[in-house]
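User: Can you take me through a few spots in this model? I'd like to start with a helix.

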Amino acid sequence: MHDTVLASETRTVVSPGRIELGAGAVEALGGHAARYGDTALVVATEQIFEFHGDAVTDGLEAAGVDPVVYTDVRPDPTVENIEYAYALYDREDCDMIVTLGGGSSIDTGKGVGILATNEGSIRDFGVDRAGYEGVPTPTPPLIAVNTTAGTGSEATRSVVVSDESTSTKFLIVSANVVPDVAIEDPVLTQSLPKSHTAFTGIDALTHAIEAYVSVKSYSVPDGYAEEAMERIARSLPVAWANGDNLDARADVMVGQLQAGQAFTNASVALVHGLARPLGAQLHIPHGLANGLILPYVVDFSAMAAPEKYAEVARILDAADTDDSTRQAADAAADGVLDLCADLNLTGYLDDFGEVPAREAYLDVVDEMTQDAIDSGSPDNNPRKPTREEIADLYVTIYDDALAPDSPRRS
């Protein structure tokens, strides 16, 4: 299934400089940090720091590195989060950034790094179109201690920032923000509640599928994506059902890392173009938004890349080798829906979303549609959507998945 890389083509494969993987990997933190200086800004949410902060600060102090702690990160980090964290980094004359958590903490840390070595406000580095480099100078050393299994942000060149002044999210893209060290310790994911195990796992699946079918895909990210899908499909339901199953947690953690490596070297596509505006308007966690959207985009797109979507369906056990390519491709959306149902994904909407009445939702569809187009991500989709098709997808998602009496919530 992999496209051949031609000798005449040049590709740059982006990945963290070092990856520490396995139970107890967090113990390697101090040794890495000591190579970069003697003061580290530690970036985390308050809740995650309560769970795992001692492991990080004790490891840093044992290595002679002074931790300066910022714990005001919020889900879907804001411009203000990054600005306040940077002010602390600058005031305490830090040498490096250590993030503890998932995508929100990592993106905040990346944002701090951007401000530390580049002139301007964080908004200045947003890119008009996904895939464009937006940061001219590399950030200070960045070590990402991952505590989730979904965003893959520890392996990517992307930063997603919420701008509360406009109720939108903007994207920063640059190889200069990829962490120097990624620490993947599955023990740290055991504190994840079932809801966030589901959100982050579906986020990772979305990354893998979108990278795999993207018009920018090629052999290296395709390999990452296939392995990621296989790991997530077999182990995410197990990790969700029994959070103490460390083998399943580890398998999903590797899968989400591979998914991150896949999309940062290919791209995301239409799902992410739709998810960022939906999440911003309805205050839905990013992984949940992806999971709500993914089946409909897969169904919409399958005709344009049948071989790839057929493989997705087979990996998700929605088709077998006896099915024709087109039959298998058409079953891929059902495979996604079944996995989301296994995780009770829509059951979390009451607690993790603000779903408006249909009329109020329709009032913002045009705005969300324009934001999706402006992101550039739909351009990477194998089937290029029109403006009307994007708007129709938003309406279908509401009627079928978001509304209290919708089929997926019944």
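**Helix α9 and onwards**

Analyst: Helix α9 (residues 286-301) has 16 residues, which at 1.5 Å a residue should span 22 Å, and its end C-alpha atoms are 21 Å apart, so the two agree. The expected span is 1.5 Å times one less than the number of residues. Helices are DSSP runs (H or I, at least four residues), as are strands (E, at least two), numbered from the N terminus. This is a predicted model: local features need pLDDT of at least 70, side-chain atom pairs count only at pLDDT 80 or more, and totals for chains, interfaces and linings use all residues. Residues are numbered from 1 along each chain as its sequence is written, and side-chain values use heavy atoms, with hydrogens and water left out.

User: Where is the kink in α9?

Analyst: At Ile 293, shortly before the proline Pro 295, and the kink is about 40°. The bend at a residue is the angle between axes fitted to the seven residues ending there and the seven starting there.

User: How many residues of α9 are buried?

Analyst: 15 of the 16, so α9 is largely enclosed by the rest of the structure. Buried means under 20% relative accessible area, exposed over 50%, partly exposed in between (1.4 Å probe, protein chains only).

User: And what does α10 pack against?

Analyst: Its buried residues pack against α5 (194-213), α6 (219-241), α9, α11 (325-330) and α12 (332-342). In α10 (residues 306-315), 8 of the 10 residues are buried, including Lys 308, Tyr 309 and Glu 311. Just after α10, Asp 317 has a positive phi of about 65°.

User: Switching topic. Is Ser 158 buried or exposed?

Analyst: Ser 158 is buried, at 17% relative accessibility. Ser 158 sits in strand β6 (residues 158-163). Beyond residues up to four places away in sequence, Ser 158 touches Asp 107, Lys 110, Ser 153, Leu 171, Ile 172, Val 177 and Phe 263. Contact means heavy atoms within 4.5 Å.

User: Which residues lie nearest the centre of the second largest pocket?

Analyst: Lys 169, Phe 170, Leu 171, Asp 374 and Ser 375, out of 15 lining residues. The lining divides into 5 nonpolar, 3 polar and 7 charged. Ala, Val, Leu, Ile, Met, Phe, Trp, Tyr, Cys and Pro count as nonpolar, Asp, Glu, Lys and Arg as charged, and the others, Gly among them, as polar. On a 1 Å grid over the protein atoms alone, a pocket is an open set of points where a 1.4 Å probe fits, with protein on both sides within 12 Å along at least five of seven lines; lining residues have an atom within 4 Å of a point.

User: Which element supplies the largest share of that lining?

Analyst: β7, with 4 residues.
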